[in-house]
Amino acid sequence: MKNNVLLGALLCFIAAASWGAMFPVAHAAFKYIDPFYFTIIRYGSVTIILALILLWKEGKQAFRFEGKGLPLWFFGTMAFTVYNLFIFWGEDLLGEPGVMVASIMESLMPMISIVIAWLIFRRRPHLFTLGCVLVSFIGAVLVITKGDIQAFLGATGQLIPSMLIFIAVIGWVIYTMGASKFHGWSALRYSTLSCLLGTVTAFVITVGASVFGFLPVPSGENIKAVSPHLVFMIIFPGAIALLGWNIGVSILSPLNALLFINFVPVTTLVVSVFQGTYITVFDLIGTVLIIASLLFNNIFVRTVQKKKSKQPSQTHLRERVS
């Protein structure tokens, strides 16, 4: 059991670190290709890789939806259409600051999952957890606004892209929570079929946008120029991170897995520094606030769970004594 937990933790860490590196890499690629075509080329390739692995590991029968086609399409669309298209679209619209904004927004996933569980499933969090949500939100605001909230609110060019990124992050949280709906399915099967359906949706939207003249079709030269970026994005933040993440979620649970999103902004900061990107003091303070709030909330939740697990045994002991 302990080895499984360690494996799940390692896989979630690799996924989170890979996703942290993908924002600076994607930003460099967007100089040659738009985020929509970049995404469908990337995840079209990931889908093929995962489909071949699934066919080899589980056979043709694993491609059956078993009456779960609609929820599978919904969760796949949340991840591979809403998340992937919107987060890179928002990042591209923001320009260089979008790299840190996208990364910080992603690190809010654990807190967003708490709010979703509260609003939809009526699981009211502790006051301490709500305080951590508030602190993480303040941290995100510092990074997004660079300390100038009034100027940010008055700039539509920053507000709309930031909202796109926020919606994208909610999409990935929903996808992660949706994995629990597919009992008896392997992480590989859920990853592959959800990726397939979600990428098809993204493909239809992207091609449709080109047909109506909203998106330019990238040239062969531009695709060749971003081929190193695509190779990295397909292998690490794509196939390895997606499959590793869903395996980790199946071992650790969605809430525990989402805590590894802590490492996303850290990786982004490190890569951005090496790329020569200017990091503001608000980026650093905001990142520290978010990571601290996540860690303290995790410690608090685990402490509460331990106390609850001890109560029944103590009650049983008192009954035996009496």
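# Reading buried residues, helices and contacts

Visitor: Is Cys-195 buried or exposed?

Guide: Cys-195 is buried, because its relative accessible area is 0%. Buried means under 20% relative accessible area, exposed over 50%, and partly exposed in between, with a 1.4 Å probe and protein chains only. The model is predicted, so local features need pLDDT of at least 70 and side-chain atom pairs count only at pLDDT 80 or more, while totals for chains, interfaces and linings use all residues. Residues are numbered from 1 along each chain as its sequence is written, and side-chain values use heavy atoms, leaving out hydrogens and water.

Visitor: How many disulfides are there?

Guide: A disulfide is a pair of cysteine sulfur atoms within 2.5 Å. By that rule the count is 0. Cys-12 is in no disulfide, and the nearest cysteine sulfur, that of Cys-195, lies 18 Å away. Seen from the other end, Cys-195 has its closest cysteine sulfur in Cys-12 at 18 Å, which is too far for a bond. Cys-12 also counts as buried, because its relative accessibility is 0%.

Visitor: What span does helix H2 reach, and what is expected?

Guide: Helices are DSSP runs of H or I with at least four residues, strands are E runs of at least two, and both are numbered from the N terminus. The expected span of a helix is 1.5 Å times one less than its number of residues. H2 covers residues 35-58, 24 residues, and reaches 33 Å from its first C-alpha to its last, close to the expected 34 Å. H13, residues 263-274, has 12 residues and reaches 17 Å, close to the 16 Å expected.

Visitor: Which residue has a positive phi although it is not a glycine?

Guide: Most residues other than glycine have a negative phi. Glu-66 has a positive phi of about 55° and is not a glycine. Glu-66 sits in the loop between H2 and helix H3 (69-94), and counts as exposed because its relative accessible area is 52%.

Visitor: What does Arg-64 touch?

Guide: Contact means heavy atoms within 4.5 Å. Not counting residues up to four places away in sequence, Arg-64 touches Trp-185, Arg-189 and Leu-193. Arg-64 and Arg-189 are 125 residues apart in sequence, yet 9.8 Å apart in space, C-alpha to C-alpha. Arg-64 is also in the loop between H2 and H3, and is exposed because its relative accessibility is 57%.

Visitor: How many residues has the largest nonpolar core?

Guide: A nonpolar core is a set of buried Ala, Val, Leu, Ile, Met, Phe, Trp, Tyr and Cys residues joined through side-chain atoms within 4.5 Å. The largest has 81 residues, and those with the most contacts inside it are Trp-19, Phe-23, Ile-87, Trp-172, Leu-242 and Trp-245. Helix H11 (residues 227-252) supplies the largest share of this core, 10 residues. Leaving aside neighbours within four places in sequence, Ile-87 is in contact with residues including Phe-23, Ala-102 and Ile-165.
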